[in-house]
Amino acid sequence: MDRATHCPGPSMSQKQEEENPTEETGEEKQDTQEKEGVLPEKAEEAKLKAKYPSLGQKPGGSDFLMKRLQKGQKYFDSGDYNMAKAKMKNKQLPSAGPDKNLVTGDHIPTPQDLPQRKSSLVTSKLAGGQVE
Amino acid sequence: MKCFSRYLPYIFRPPNTILSSSCHTEADIISTVEFNHTGELLATGDKGGRVVIFQREQESKNQVHRRGEYNVYSTFQSHEPEFDYLKSLEIEEKINKIRWLPQQNAAYFLLSTNDKTVKLWKVSERDKRPEGYNLKDEEGRLRDPATITTLRVPVLRPMDLMVEATPRRVFANAHTYHINSISVNSDYETYMSADDLRINLWNFEITNQSFNIVDIKPANMEELTEVITAAEFHPHHCNTFVYSSSKGTIRLCDMRASALCDRHTKFFEEPEDPSNRSFFSEIISSISDVKFSHSGRCIMTRDYLTVKVWDLNMENRPVETYQVHDYLRSKLCSLYENDCIFDKFECVWNGSDSVIMTGSYNNFFRMFDRNTKRDVTLEASRENSKPRAILKPRKVCVGGKRRKDEISVDSLDFSKKILHTAWHPSENIIAVAATNNLYIFQDKVN
């Protein structure tokens with residue numbers, strides 16, 4: 001059977017045999033194996049910036065965290081909702097806008113946006129005894 | 001077949017047990033898996049707020065060749081969806097964590113938590129039923145006292161085993177933010193619950209009060225730079241706990257030092273080479289799980305691409321770093337776009353702290369032997385698991401020639417992620433949750 005340890009590319013078992021890198025960090029490994037001099041991470045970053053030029057200069061900062069802290073927030077205004085429903089027949093609704101990080105009052109919920117009613121509480125299928 | 005032993009001392013037999021739902025809804029997605037302290041019970045929680053407990057069957061003399069399998073023991077609805085009208089907040093019923101209490105009597109106790117509320121559940125067996133009441137007839141209807149002429153003593157008769165789960169305590173309204181961790185203290189009297197910004201200490205007997213022991217909420221929320229991602233008590237020292245952050249740091253705190261443990265006793269952080277910094281650096285350094293070793297001498301942390309082992313006596317760098325799926329480094333852009341970069345993988349120790357395990361994508365999971373430095377990639381999938389065969393190691397290929405059995409990075413299925421795994425406390429039995437399927441693998445011995 002093939003010794004799968006010799007696969008080309010950053011094979012972990014192979015590296016461990018050759019370089020004893022158990023104390024090497026991810027970033028250091030990156031240096032040892034990159035020949036072009038461009039870290040894949042930086043190349044990926046360039047790709048991302050090309051797609052989203054407005055992406056903030058401070059990554060992983062307040063924006064992400066605020067979004068995380070606000071998970072689950074669902075605002076609903078019945079007046080806005082009914083107005084939007086009426087408008088929907090005629091023209092496009094204003095979209096959520098580029099700043100999706102924070103839920104403001106600007107986004108008017110449409111019937112599609114409203115959370116689906118959760119299904120009735122039923123027994124987990126894991127408990128149904130389907131054992132193979 | 002013999003070459004698999006090259007990777008690890010253990011050879012895992014594909015499951016006698018795959019428990020699954022063939023057509024699953026989102027509610028069936030398993031969100032947590034945990035063995036109890038003896039390994040006799042295995043609990044799973046899912047997105048629908050349900051808990052299913054499996055029990056290992058006793059090995060009988062008749063079926064020596066079959067190791068004890070896990071069968072369904074009890075199932076109950078732990079949490080239900082809620083809506084906080086005051087804050088316009090939808091509260092998911094998804095079970096974030098389950099932690100068992102050590103067994104102290106015939107009943108089993110576990111803590112289960114969703115984003116906001118922790119509950120203590122008692123799981124007990126009933127296998128006897130009293131019969132022969134004087135005032136009630138067999139159907140339970142009251143008898144006319146005038147018709148009673150003799151008295152009898154009710155007797156306990158055996159009945160079919162019934163396993164009941166009852167909520168004994170509900171610890172609610174203590175968390176403004178989303179609970180990510182619970183941890184039972186070694187004193188067995190207290191436990192902690194941690195959300196994004198705060199950690200609270202509870203006494204099991206008291207539900208209307210908790211002590212706040214960590215608070216990292218800044219006075220001005222605009223200055224928020226990091227959140228708490230996981231927390232755990234030391235396995236033996238009831239005064240010590242650790243918590244990890246989204247910035248890749250771990251703080252160890254001693255509750256004897258002060259009532260509010262905002263100032264850490266130890267601070268674990270690996271220095272980063274500033275020239276390597278990219279947009280993704282902080283995101284992928286965020287620690288998704290932290291676990292003490294059973295010995296209590298080390299902690300293990302999981303960030304997006306690696307698993308690290310830290311010695312509690314060395315704060316400036318980990319003693320061991322293991323690459324889980326470094327090939328994803330060249331995919332970070334698309335992983336950011338599909339949000340996979342925010343996936344929270346867990347990690348576990350085996351009973352002797354010699355092997356660590358964590359999940360990856362494509363239903364792959366990885367094991368690292370700390371002594372031999374060998375590692376293996378295994379797959380939890382129905383197709384590759386024939387009964388009595390052996391789990392074949394998998395290999396991911398990055399560019400270049402792809403061998404027959406290997407899979408290329410571009411073919412990986414990122415919707416099949418193994419976030420939750422568990423290792424039996426003393427034996428080589430592992431539980432792997434692959435979306436809605438639970439795989440239980442046992443070590444081959446014979």
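## Two asparagines in loops

Asn173(B) sits in the loop that runs between β11 (155-171) and β12 (181-184) of chain B. The structure is a predicted model, and every value below is computed from it. The phi angle of Asn173(B) is near 65°, which is a positive value in a residue other than glycine. Is Asn173(B) buried or exposed? Its relative accessible area is 79%, and a residue counts as exposed over 50%, so Asn173(B) is exposed.

Asn362(B) also has a positive phi, near 60°, and is likewise a residue other than glycine. Its place is the loop between β25 (355-359) and β26 (364-369) of chain B. The relative accessibility of Asn362(B) is 9%; the limit for buried is under 20%, so this residue counts as buried.

## Chain B as a whole

Chain B contains 2 helices and 32 strands. Its C-alpha atoms fill a box of roughly 95 × 60 × 40 Å along the principal axes. How does the radius of gyration of chain B agree with that of a compact globule, and what are the values? For 446 residues, a compact globule would have a radius near 22 Å, and the 24 Å of chain B agrees with this.

Of the 446 residues in chain B, 56% are buried. The accessible surface of the chain is about 19,900 Å², and 49% of that surface belongs to carbon and sulfur atoms. Among the contacts in chain B between residues at least 6 apart in sequence, 54% join residues at least 24 apart.

## The nonpolar cores

The largest nonpolar core has 25 residues. Those with the most contacts inside this core are Phe280(B), Tyr304(B), Leu328(B), Leu335(B), Tyr336(B), Ile341(B) and Leu412(B). Which elements give two or more residues to this core? They are α1 (281-285) and α2 (332-337) of chain B. The largest share, 4 residues, comes from α2(B).

Tyr336(B) is in contact with residues of chain A as well as chain B. Leaving aside its neighbours within four places in sequence, its contacts in chain A are Leu48(A), Leu55(A) and Phe64(A). In chain B, Tyr336(B) contacts Phe279(B), Phe280(B), Ile283(B), Ile341(B) and Phe342(B). Another core, of 16 residues, lies apart from the largest one; among its members are Val355(B), Val376(B), Trp423(B) and Ala434(B).

## Chain A and its helix α3

Chain A has 5 helices and 0 strands, in the pattern α-α-α-α-α along the sequence. Buried residues make up 29% of its 132 residues. The chain exposes about 9,000 Å², of which carbon and sulfur atoms supply 52%. Of the contacts in chain A with a separation of 6 or more, 39% are between residues 24 or more positions apart.

Helix α3 (residues 40-51) of chain A has 12 residues. From its first C-alpha to its last, the helix reaches 17 Å, close to the 16 Å expected at 1.5 Å a residue. Which residues of α3(A) are buried? They are Pro40(A), Glu41(A), Glu44(A), Glu45(A) and Leu48(A). Seen down the helix axis, the buried residues of α3(A) fall within an arc of 140°, so they line one face of the helix. An α-helix has 3.6 residues a turn, so residues three or four places apart point the same way. One of the buried residues of α3(A), Leu48(A), is also a contact of Tyr336(B).

Conventions:
Residues are numbered from 1 along each chain as its sequence is written. Chains are lettered from A and ligands numbered from 1 in the order in which they are written. This is a predicted model: local features need pLDDT of at least 70, side-chain atom pairs count only at pLDDT 80 or more; totals for chains, interfaces and linings use all residues. Side-chain values use heavy atoms; hydrogens and water are left out. A nonpolar core is a set of buried Ala, Val, Leu, Ile, Met, Phe, Trp, Tyr and Cys residues joined through side-chain atoms within 4.5 Å. Buried means under 20% relative accessible area, exposed over 50%, partly exposed in between (1.4 Å probe, protein chains only). Contact means heavy atoms within 4.5 Å. The expected span of a helix is 1.5 Å times one less than its number of residues. The arc is that of the directions from the helix axis to the C-beta atoms. The radius of gyration is taken over C-alpha atoms; the globule rule is 2.2 Å times the number of residues to the power 0.38. Accessible areas come from the Shrake-Rupley method with a 1.4 Å probe; for residues, only the protein chains shown count as cover.
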